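Hi everyone, thanks for coming.

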Amino acid sequence: MTKLIDTHSHLCDPKFDADRHDVIERAQQAGVTGIVAVADTLQSVHDVIELSSRCENIYPTAGIHCHYAESVTAHDLEQLTGIIHNYSSIVAIGETGIDLYYGKDTLCAQEQLFEEQVRLSVEFGLPLVIHCREAEEQILTILRRYPEVKGVLHCFSGDDVFCRQVIDLGLFVSFSGIVTFKNAEQVRNAALCTPLNKIVIETDCPYLAPQGHRGKRNEPAYLVNTIEALSKILSIPVEELARLTTENAQLLFDLGR
């Protein structure tokens, strides 16, 4: 069976409250042997840590999403820092980043919150899980101030130029079910220019269900659809690409520690 790691899953989203255990079981049956459970608020940080303590091979992150930038306080950041310090199970900082599709009027607050979490990433030696939507220039400007930072551009939706810039910074690039969408030629072209040692895959569930499941709640088991589509794009056998992306995810998040 193909072994996969879902590098970005919002497993603690309320959409999974009714059947979270079944979702995890279906993922395991589909060959998804590891899931990075991503936090985007202080409450969800506690939720993913608690879930990971009960379920094997689920790995929590800690971060605050840019959508909440205007309401984040210094005390919130102190709490976040304390949690990261106290829980060795945390494998990454994030989800964090900048989104100018929804938040042009909050850019300054988003940039400040993003940079604070970049600093945490460097301080704790943990990779950064980066959200970027129509904010390529702003993301690159901040990241270039911290050449030691490591991490991943999650749910990549940019073009091949931005992809190469991300790779030049030493970051990984994560592809989601978007690669299966009919109108996503730009993302498929970006995948073609990504070195095989820098590619990881994700669902971003419960969002962005791949072709064949459109309109449904996405879940980690559907990662199989993404790896199959990506293997065709890259002309690489599914088993080989699964091995490579799994090894890359293990390296990125230090899952063997």
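Before I go on, a word on what you're looking at. This is a predicted model, where local features need pLDDT of at least 70 and side-chain atom pairs count only at pLDDT 80 or more, while totals for chains, interfaces and linings use all residues. Residues are numbered from 1 along each chain as its sequence is written, and side-chain values use heavy atoms, with hydrogens and water left out.

Back to that cavity. On a 1 Å grid over the protein atoms alone, a cavity is a set of points where a 1.4 Å probe fits but cannot get out; a pocket is an open set with protein on both sides within 12 Å along at least five of seven lines, and lining residues have an atom within 4 Å of a point. Grid points are joined across faces, edges and corners, and a volume is the space filled by probe spheres set on the points. By this rule we count 1 cavity of 30 Å³ or more, and the largest cavity has a volume of about 40 Å³. Its lining is Ile-24, Gln-28, Val-32, Thr-33, Gly-34, Ile-35, Glu-56, Asn-57 and Ile-58. Helix H1 (20-30) and strand S2 (32-37) are the elements giving two or more residues to that lining, and S2 gives the most, with 4 residues. When I say helix or strand, I mean DSSP runs numbered from the N terminus: helices are H or I with at least four residues, strands are E with at least two.

Now the sheet. It's an open one of 8 strands, in the order S1-S2-S3-S4-S5-S6-S7-S8, with parallel pairing; two strands pair if DSSP finds at least two bridges between them. At the edges are strand S1 (4-9) and strand S8 (199-201), each pairing on one side only. Strand S6 (residues 151-153) and strand S7 (residues 172-175) run parallel and are joined by 2 bridges, and Val-152 stands opposite Phe-172 in S7.

What lies across S2 and strand S3 (58-62)? That's helix H2 (residues 42-54), running at about 160° to S3. Contact here means heavy atoms within 4.5 Å, and angles run from 0 to 180 degrees between N-to-C directions, with axes being lines fitted to C-alpha atoms, for helices over the stretch in contact.

H4 also packs with helix H5 (residues 136-143), at an angle of about 35° with their axes 10 Å apart. On the H4 side we have Leu-107, Glu-111, Phe-114, Glu-115 and Val-118, which meet Gln-138, Ile-139, Ile-142 and Leu-143 in H5. By class, this contact has 6 nonpolar, 1 polar and 2 charged residues.

Next, the largest pocket, with about 650 Å³ of space. There are 23 residues in its lining, and His-131, Arg-133, Cys-155, Asp-204 and Leu-208 lie nearest its centre. S5 gives the most to that lining, with 3 residues.

Most residues other than glycine have a negative phi, and most peptide bonds are trans. Here, the bond from Gly-94 to Glu-95 is cis, with omega near 25°, and Glu-95 sits in strand S4. Another cis bond joins Cys-205 and Pro-206, with omega about 15°; Pro-206 is in the loop between S8 and helix H8 (223-234). And Glu-134, in the loop between S5 and H5, has a positive phi of about 55° although it is not a glycine.

Technical notes. Nonpolar A, V, L, I, M, F, W, Y, C, P; charged D, E, K, R; others polar.
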